[in-house]
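Subject: Handing over a structure

Hello,

Here is the structure I promised to pass on to you. Have a look at it first, and then read my notes below.

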Amino acid sequence: MLGFTSHIVMPDQVRAVYPLVREAVPSLTLQAWVSFARPLTNPRRAARAGIVAVRRIPRPLPCGLFLYRREHDLAQGAILATEYFVAVDVLDPAPVVLALAHEMDLLAQRLGCTAIRALVRDHTQPVAAGLRAAGLQPGGDMLWKQVAPLVAAS
């Protein structure tokens, strides 16, 4: 997309995108992020899962990202499942969201996917609006319930 460049985040870049991920998950610690992201950024797994980051040209740091997995959907076959969108810009994050949507389209095509599923969290409604503007449409409801884990008896 004009004015932006993108890349798949590599293991040595995990710490550099941590401030962006904190926008999506404010309580996330650096240690938890590194443990979560390292397997996702293994170059040998890029066809199955990863992190895409975008940055404005000529700025050096990313201003947006999303996590992805190539999954098999019973009805659709191969799909690109995306989540944890972050689009940061002081003046207008809308172009960043459009750049992310463009990268999702390209990635889905490269991975042989027939559809894209984007999970947009409650606190990122501007991202949802931008993705709708880029052609993504609601495809159902996602319901969520917090549960307490079972505590092992000692």
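Let me begin with Tyr84, which is partly exposed because its relative accessible area is 25%. By that I mean a value between two cut-offs: buried is under 20% relative accessible area and exposed is over 50%, with partly exposed in between (1.4 Å probe, protein chains only). Tyr84 sits in strand β4, and its phi is positive, about 55°, although the residue is not a glycine. For background, most residues other than glycine have a negative phi, and most peptide bonds are trans.

Before going further, please keep in mind that this is a predicted model, in which local features need pLDDT of at least 70 and side-chain atom pairs count only at pLDDT 80 or more, while totals for chains, interfaces and linings use all residues. Residues are numbered from 1 along each chain as its sequence is written, and side-chain values use heavy atoms, with hydrogens and water left out.

Now the overall picture. The protein has four helices and five strands, arranged along the sequence as β-α-α-β-β-β-α-β-α. Both kinds of element are DSSP runs numbered from the N terminus: helices are H or I with at least four residues, strands are E with at least two. The C-alpha trace spans about 60 × 35 × 30 Å along its principal axes. Of the 154 residues, 38% count as buried.

Back to strand β4, which covers residues 77-87 and includes Thr82. Thr82 is buried, as its relative accessible area is 3%. Setting aside residues up to four places away in sequence, Thr82 touches Phe66, Leu67 and Tyr68, among others including Met104 and Ile116; contact here means heavy atoms within 4.5 Å. Beyond neighbours within four places in sequence, the contacts of Glu83 are Phe66, Leu67, Arg69, Leu119 and Arg121.

Which strand holds Phe66? Phe66 belongs to β3, and with a relative accessible area of 0% it is buried. Among its contacts outside four places in sequence are Thr82, Glu83 and Tyr84, as well as Gly50, Leu100 and Leu107. Phe66 and Val86 are 20 residues apart along the chain, yet their C-alpha atoms are separated by 6.5 Å. Across the protein, 56% of the contacts with a separation of 6 or more are between residues 24 or more positions apart.

Another spot to look at is the peptide bond from Ile57 to Pro58, which is cis, with omega near 10°. Pro58 lies in the loop between β2 (49-56) and β3 (64-73).

What about the cysteines? Cys63 counts as buried because its relative accessibility is 8%, and Cys113 is also buried, at 14%. A search of the whole structure finds zero disulfides, a disulfide being a pair of cysteine sulfur atoms within 2.5 Å.

I hope this helps you find your way around.

Best wishes
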